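This briefing covers a pocket lining and a helix packing. The sequence and the model are shown below.

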Amino acid sequence: MLDYGIGNLRSAQNALEHVGADAVLTSDPVVSAAADAVVLPGVGAFGACMNALRGVGLEDVVHQAVSSGVPFMGICVGMQMLFSDSEEDPGAVGLGVIPGSVKWLPSNVQRPQMQWNQLAVVRDDSMFANLEPAPWMYFVHSLHGVPTDSHDVVATVQYGDTLNVAFRRNNVFAAQFHPEKSASAGLKLLSNFVSIAGAS
């Protein structure tokens, strides 16, 4: 797990350990380069997170991990950072791993969405193996990802509109929801990630 000094990362680390991962919080590029899988968490504002990531020299680490083909997961703002830019901080440049923009939730709903919501899995993905067809996950967010290529979307929810909340691009999986706070369904998803990492 990439540690760039933003937010409380312990809950995600604990959840990964609970499902059998040797989860290490690190800002060391050497440790990250040797990992079987990489997780990019994030809470707070898009621009602040990007500045913090770059400030500790982890932007290149992300790109190297993605290009290496190891399983990679972005969670919450970590998911948003994988996009090219965000309406939250128009001047900030994202990682561009998933081409597209992060946009505000519709103006006719409460922001943030802070609740459980039911996913519609719109494309088969190994991360959802052995989960119920429409699993419930826990959300805390005010923006959602809109990729340039709609094929990158693997799950949506309804919240004032159809929102994109999970994405797949090659070895990269990204989730707007918090699997570590999503009870058995979230733990199963994390367990699938650990299994994929072990098999890669």
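**Largest pocket**
- α6 (residues 183–199) supplies the largest share of the lining of the largest pocket, four residues.
- α2 (29–33), β1 (38–40) and α6 each give at least two residues to this lining; helices are DSSP runs of H or I with at least four residues, strands are runs of E with at least two, and numbering starts at the N terminus.
- The lining has 19 residues, and D22, A23, A35, D36 and A37 lie nearest the centre of the pocket.
- A pocket is an open set of points on a 1 Å grid over the protein atoms alone, where a 1.4 Å probe fits, with protein on both sides within 12 Å along at least five of seven lines; lining residues have an atom within 4 Å of a point.
- The volume of the largest pocket is about 400 Å³, taken as the space filled by probe spheres set on the points.
- By class, the lining comprises 14 nonpolar, three polar and two charged residues; Ala, Val, Leu, Ile, Met, Phe, Trp, Tyr, Cys and Pro count as nonpolar, Asp, Glu, Lys and Arg as charged, the others, Gly among them, as polar.

**Model basis**
- The model is predicted: local features need pLDDT of at least 70 and side-chain atom pairs pLDDT 80 or more, while totals for chains, interfaces and linings use all residues.
- Residues are numbered from 1 along each chain as its sequence is written, and side-chain values use heavy atoms, without hydrogens and water.

**Packing of α1 on α6**
- Helix α1 (residues 10–18) packs against α6 at an angle of about 70°, with the axes 9 Å apart; axes are lines fitted to C-alpha atoms over the stretch in contact, and angles run from 0 to 180 degrees between N-to-C directions.
- α1 is therefore roughly perpendicular to α6 (65 to 115 degrees).
- A15, L16 and H18 of α1 and L187, L190 and V194 of α6 make the contact (heavy atoms within 4.5 Å).
- These contact residues comprise five nonpolar, one polar and no charged.

Terms used:
Parallel < 35°, antiparallel > 145°, perpendicular 65-115°, else oblique.
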